[in-house]
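Reader: I have a structure here and would like to go through it with you. Could you take my questions one at a time?

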Amino acid sequence: MEKNLGEFAQTFTQGIWIGTGIFAALFFLRLYLVIKNKASRKWITAAKGEWLVVALKFLFLLGLLAFLADIPVWFITVATFRPIASLTAQHTFIFVLVSIAVMEIILSFTVSESLIQQFIKRILFLL
């Protein structure tokens with residue numbers, strides 16, 4: 001039984017490390033794209049007349065705040081693998097998720113020019 005539990009713990013720990021690697025890669029890719037397109041981003045308050053974009057960015061901000069508040073709650077109360085998985089892997093995973101959430105919260109106050117133009121074109125196309 002101890003052997004099976006050890007294998008089970010190892011599997012969960014590997015899964016957490018794989019998930020951490022995937023999310024970290026997404027974080028760095030997003031950060032690279034933001035830095036690359038920094039010149040085309042402007043503050044959301046400068047998007048005058050685009051109330052739908054501003055409203056959706058605000059809803060996205062609220063969702064990210066809820067996600068950020070839920071991360072520790074999920075790992076403390078819901079995560080059934082918590083007692084058996086490596087604490088280092090869990091803490092690294094939490095750090096990466098919080099980093100993504102904080103970066104996206106900061107970015108929710110800005111909007112790229114192409115998003116506004118493409119978003120309006122898509123809405124018009126759907127109408």
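Reader: How many aromatic pairs does the count come to?
Author: The count comes to 2 aromatic pairs. Rings of Phe, Tyr and Trp (its six-membered ring) pair if their centres lie within 6.5 Å; planes under 30 degrees apart count as stacked, over 60 as edge-to-face and the rest as tilted. One of the pairs is F27 with F28, which is edge-to-face, at 5.2 Å centre to centre and 70 degrees between the planes. Please note that this is a predicted model, in which local features need pLDDT of at least 70 and side-chain atom pairs count only at pLDDT 80 or more, while totals for chains, interfaces and linings use all residues. Residues are numbered from 1 along each chain as its sequence is written, and side-chain values use heavy atoms, with hydrogens and water left out.

Reader: And F27, buried or exposed?
Author: F27 is buried, at a relative accessible area of 17%. Buried means under 20% relative accessible area, exposed over 50%, and partly exposed in between (1.4 Å probe, protein chains only). F28, by contrast, is exposed, with 54%.

Reader: Stepping back, what does the secondary structure of the chain come to?
Author: The chain has 4 helices and 2 strands. Helices (H or I, at least four residues) and strands (E, at least two) are DSSP runs, numbered from the N terminus. Their order from the N terminus is α-β-α-α-β-α.

Reader: What share of the residues is buried?
Author: Of the 127 residues in the chain, 29% are buried.

Reader: Which side chains meet in a salt bridge?
Author: Those of R30 and E104 do, at 2.6 Å from N to O. This pair links distant parts of the chain, since R30 is in helix α1 and E104 in helix α3 (residues 87–107), 74 residues apart. A salt bridge is a side-chain nitrogen of Lys or Arg within 4 Å of a carboxyl oxygen of Asp or Glu, and by this rule the count comes to 1.

Reader: Why is E104 classed as buried?
Author: E104 is buried because its relative accessible area is 11%. R30 has 29% and is therefore partly exposed.

Reader: Now T13. Where is its place?
Author: T13 is in helix α1. With a relative accessible area of 14%, T13 is buried. Apart from neighbours within four places in sequence, T13 is in contact (heavy atoms within 4.5 Å) with A85, S86 and A89.

Reader: What about I71, which residues is it in contact with?
Author: Neighbours within four places in sequence aside, I71 is in contact with I94, L97 and V98. I71 belongs to helix α2 (residues 51–78), and its 5% relative accessibility is why I71 counts as buried. Between I71 and F95 there are 9.9 Å in space, C-alpha to C-alpha, and 24 residues in sequence.

Reader: Which residues make the nonpolar surface patch?
Author: I18, I22, F23, L26, L29, Y32 and L33 make a nonpolar surface patch of about 670 Å². Patches are made of residues with over 30% relative accessible area and no salt bridge: like charges are joined within 9 Å, nonpolar side chains (Val, Leu, Ile, Met, Phe, Trp, Tyr) within 5 Å. L33 lies in helix α1 (residues 2–36), and L33 is partly exposed, with 36%.

Terms used
Accessible areas come from the Shrake-Rupley method with a 1.4 Å probe; for residues, only the protein chains shown count as cover.
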